[in-house]
Amino acid sequence: MQYFPLFVDTKNLQVLVVGAGEVATRKLDLLSRTEADITVIAPDIAQEIQSYHQKGRIRLHRRVIEAADIADYDVIYMATANEQLNKDYAVLATQKGIWVNVVDNPSFCRFITPSIVDRGRLVVAISTAGAAPVFARTIRCRLETLLPQSLSPLFDFVASKRTEVQQKISSGKDRRLFWERFFKLNSDRFDSVTEAHYQDAFSSLAADGEILLLDENDNAALLPIAAMPLLQKIEVIYRDSPLTENGVSTDINELIRRDASREAVPNLSEIAAKYHHGERMLLLLDTEKLKKFKAHFPMAKHLQPGAL
């Protein structure tokens, strides 16, 4: 992974955009949605950027960039038509420890701006590490059709209720069950019944857990898509003989929650007790032990490449 995705708090972030043409305008259209403090330096200004200045959204300096300008900023975008100037100032910014992006020149970028799907508090970022931005935009278009605009007010609603839920439900596990129940009832809508679904979600938090079985010799990367939502709910992984430093193969690690614990396989009675207390577990077992557990726990789901 060459580029590690981060979501940066833009409040009080100092951003400099050098250039004020079409490319800079595209960057400002995105940056203007944030809370960043934005400065633009350029001798010639596009009308769209002038509009941002007139609205008070940006500070604007109508002149050529100078070396002294490369200071006191957190992030700089070099977006002029002069390729050599972009490179020279990118090098200067990097020397001063400022994160810089040279538009359309990844080799001079300390970071890249991904393609973004914006639904208010829900933001999805897609990147091809600068290799195929056109394809990233294609993926974004697909996600735009899958994620309705109602998600924006829905997540504002959820954010407004988080403190109340924490006060009513002390257990982190029970809070997860609550929110799962709420989203199962409400889906991705935000309408007149959303509040009712929220209240209904408090009515039943108790539930049996989940037992998933996987042969340790199977290739987890070949599991069916239907297995992915199940794996994302797993709270603990049990296995006998570790294959890696943390006891779980890389393929499995990519499919489960990062905070799921890793432990040795307990005995059958302990597993039964954990199941009835609502624990969601994945057991990685050798073939013979898997057969034994499958017979003992008829409610368990056996995950297999190509099937559930």
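**Close-up views of a predicted model**

**View 1. The surroundings of Glu-210.** Leaving aside residues up to four places away in sequence, Glu-210 touches Leu-230, Tyr-275, Glu-279, Arg-280, Met-281 and Lys-301 (contact means heavy atoms within 4.5 Å). Glu-210 sits in strand β8, residues 210–215; strands (E, at least two residues) and helices (H or I, at least four) are DSSP runs, numbered from the N terminus. With a relative accessible area of 19%, Glu-210 is buried, a word used here for under 20%, with exposed for over 50% and partly exposed for what lies in between (1.4 Å probe, protein chains only). The model is a predicted one, in which local features need pLDDT of at least 70 and side-chain atom pairs count only at pLDDT 80 or more, while totals for chains, interfaces and linings use all residues. Residues are numbered from 1 along each chain as its sequence is written, and side-chain values use heavy atoms, with hydrogens and water left out.

**View 2. The sheet that holds β8.** Here five strands make an open, parallel sheet in the order β10-β9-β11-β8-β12; two strands pair if DSSP finds at least two bridges between them. At the edges are β10 (261–264) and β12 (301–303), each pairing on one side only. From one strand to the next, the twist averages 25 degrees. Look for the parallel pairing of β8 with β12, which runs over three bridges; there, Leu-212 stands opposite Lys-301 of β12. Helix α10 (residues 268–276) lies across β8, β9 (236–239) and β11 (280–285), at about 150 degrees to β11. Axes are lines fitted to C-alpha atoms, for helices over the stretch in contact, and angles run from 0 to 180 degrees between N-to-C directions.

**View 3. The sheet that holds β1.** This open sheet also has parallel pairing, with five strands in the order β3-β2-β1-β4-β5. Its edge strands, β3 (58–61) and β5 (99–102), each pair on one side only. On average, neighbouring strands are turned by 15 degrees against each other, direction ignored. Strand β1 (residues 14–18) joins β2 (residues 37–41) through five bridges in the parallel sense, and Val-15 stands opposite Ile-38 in β2. Helix α1 (residues 22–31) packs on the sheet and touches β1, β2, β3 and β4 (75–78), its direction making about 160 degrees with that of β1.

**View 4. Helices α5 and α6.** Helix α5 (residues 151–168) packs against helix α6 (residues 172–186) at an angle of about 145 degrees, the axes being 12 Å apart. Contact residues include Leu-154, Phe-155 and Phe-157 of α5, and Phe-178, Trp-179 and Phe-182 of α6.
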